[in-house]
Amino acid sequence: MPPLTFPRLRWAGIGTMVLALSACGDQRADDTDFSLADNGWMAALGNGSAGLPPLPDAEPMMVADQSAPQAPYRAPLVEQLPATEPIAYAQPQGASDYAWIDRADMFAQTLGDAPPDYGFAYDNGVTPWAWQSSDDYVRYAEPIDGGYRYYYYEPGAASPWLVSDPWYSYGYRDDRLVAVYDRGGRALPWREARARDAYAARYHARARDMRRVARARERQRIEARQWAAQRAAIRRDRERWREARQTQTAWARYRDNRAETRARRHWAAERQVRERAAVRFANWQRENFRGDAPRFYAEQRRERQMVARRAQAQRQRQQRAQAERRVERARHDRMRDRQQMQQRRAQAEQRAEASRRRAEQRQAQAQRADRQQQDRQRARQLAGQREGRATQQGRRTAQQRQVQQRKVQQRQAVEQRQQRAVRQAAARQRATRQREAEARRVQRQQRAQARRSAQQQAAARTAREQAQQARAKREQATVRADRQEARARQNAQRQQQAQQREARQQQRQQAQQREARQQQRRQAQQRQARQQQRQQAQQREARQQQRRQAQQRQARQQQRQQAQQRRPDASIRVAQGGGKPGRPRGERD
């Protein structure tokens with residue numbers, strides 16, 4: 001099928017679009033204005049690229065037996081796709097109408113010339129190619145007459161955010177058409193965009209079905225020679241978008257306002273990996289695809305695993321440091337508790353000593369009070385005796401008996417008080433001995449606990465020393481591994497530099513070959529020009545020869561005409577003179 005040019009594509013579907021528009025009518029009043037501010041996209045850019053997981057493991061490429069690559073089966077054009085239900089339209093607002101094509105352009109620039117990650121069988125022999133980013137953005141590409149058709153999907157989405165063919169690009173959001181761009185990257189006005197909603201609906205339906213099939217079917221390996229043959233076409237589409245972004249001032253202004261630096265930083269690591277994959281494929285192609293197919297992203301996965309191991313080792317070191325800090329805090333807490341216990345024991349001893357002193361003071365005061373009372377009683381007894389002697393002898397006798405009784409009672413009271421004081425002193429002594437025994441028991445427990453704590457601390461110190469020795473050994477092993485890794489990186493850098501030098505040498509050779517081919521073309525053009533000049537000279541000579549021959553024929557024809565004119569004159573003269581025609585009269589005579 002010959003490539004379908006833009007005028008043919010435009011006029012081929014005019015009838016379908018007119019019918020669709022006449023059936024749907026002008027639905028502008030029913031459409032919903034839609035803000036194209038992509039907050040999720042900008043939030044993802046704000047997270048940076050440090051947390052991006054490794055790239056999905058791409059299927060290794062294959063090399064077919066035939067020397068020439070087989071041309072891929074082409075997908076049907078948009079006019080040949082089955083008609084679907086009309087798609088709703090959300091009119092863009094402000095400068096956001098370039099959000100969809102701008103994001104697709106950033107993703108395409110990130111992928112660059114990297115080979116596809118895998119392919120999958122779709123319909124009628126068509127095998128789309130797939131690229132999948134580390135954060136699960138996906139692009140599919142299928143060949144059509146005139147180039148390639150691309151489908152762009154967000155992470156986890158079943159519907160595309162953009163579908164692009166060689167002539168138009170269609171932006172979608174929530175299963176609605178939000179923007180249409182022409183081949184030059186211009187966002188079409190509302191009415192022009194609505195004129196293409198029938199094609200947009202067909203692309204949207206095919207994109208959803210393609211996404212479903214890609215998830216369900218087995219991934220296929222990409223044929224290396226086929227990718228080498230089609231790589232330039234995909235690069236031209238990418239360059240076409242770059243030129244369109246430079247010429248469309250509204251698009252360039254939107255890119256500047258949306259901070260292209262953040263988008264580049266978000267995919268910077270993946271872009272470097274993709275560039276290395278493109279270089280490795282080019283080197284493999286120069287070797288005529290000899291040897292095993294390179295695993296383009298295995299090194300990047302190993303680097304991510306090494307970074308993960310280092311992060312885990314760092315976390316383990318932090319955990320060990322935290323454990324050591326906890327042990328140190330526990331030791332400080334035990335020392336503080338021991339000091340507090342000693343302080344409480346000293347305070348208890350001080351309180352016991354104060355209590356003993358107060359008891360002794362109370363006992364001394366009681367004894368002094370008893371002596372004073374005895375002295376008062378003796379003084380009263382003496383006074384009573386003197387008074388009794390002065391009054392009555394009998395009363396004196398009674399008083400003496402009473403005095404004796406009182407003395408007995410007083411002695412008994414004194415003895416009782418002394419007994420009480422002795423009992424109280426004994427009780428106080430017993431309490432003091434009990435407190436002292438309790439204090440000694442507490443001291444013995446504290447000393448035993450201190451011995452156990454010292455033993456535990458010694459064991460902990462031994463464990464820490466063993467852990468430090470093991471950690472030192474691990475750190476030495478880590479240092480050796482880091483040194484080996486550094487040497488490996490240096491070797492890889494030297495290999496990469498050698499590959500770059502080889503690539504530059506190859507580029508210079510290619511440039512020399514191109515210059516030689518150009519020189520050959522110039523020489524061929526000069527030879528062709530000289531040949532054309534000779535042919536033109538021969539043609540001019542032939543035309544001059546033809547003109548001379550024509551002039552000669554014309555002269556002969558004139559001579560014949562003159563000869564024919566002379567013949568009738570001669571016949572007249574013969575008839576008049578009786579001689580032979582053409583002879584003078586004198587000769588006849």
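A patch is made of residues with over 30% relative accessible area and no salt bridge, with like charges joined within 9 Å and nonpolar side chains (Val, Leu, Ile, Met, Phe, Trp, Tyr) within 5 Å. A salt bridge is a side-chain nitrogen of Lys or Arg within 4 Å of a carboxyl oxygen of Asp or Glu. Keep in mind that this is a predicted model, where local features need pLDDT of at least 70, side-chain atom pairs count only at pLDDT 80 or more, and totals for chains, interfaces and linings use all residues. Residues are numbered from 1 along each chain as its sequence is written, and side-chain values use heavy atoms, leaving out hydrogens and water.

**Exercise 1.** Find which residues gather in a patch of positive charge on the surface.

*Solution.* Step one: Lys and Arg count as positive. Step two: pick out R440, R444, R447, R451 and R452, which form the patch. (Helices are DSSP runs of H or I, at least four residues; strands are runs of E, at least two.)

**Exercise 2.** Decide whether R447, D174 and N288 are buried, partly exposed or exposed.

*Solution.* Start with the cut-offs: buried is under 20% relative accessible area, exposed is over 50%, and partly exposed is in between (1.4 Å probe, protein chains only). R447 has 43%, so it's partly exposed. D174 has 57%, so it's exposed. N288 has 47%, so it's partly exposed.

**Exercise 3.** Work out where D174 and N288, two non-glycines with positive phi, are found.

*Solution.* D174, with phi of about 55 degrees, is in the loop between β6 (169-173) and β7. N288, at about 60 degrees, is in the loop between α10 and α11 (298-391).

Key
Accessible areas come from the Shrake-Rupley method with a 1.4 Å probe; for residues, only the protein chains shown count as cover. The place of a charge is taken as NZ of Lys, CZ of Arg, CG of Asp or CD of Glu.
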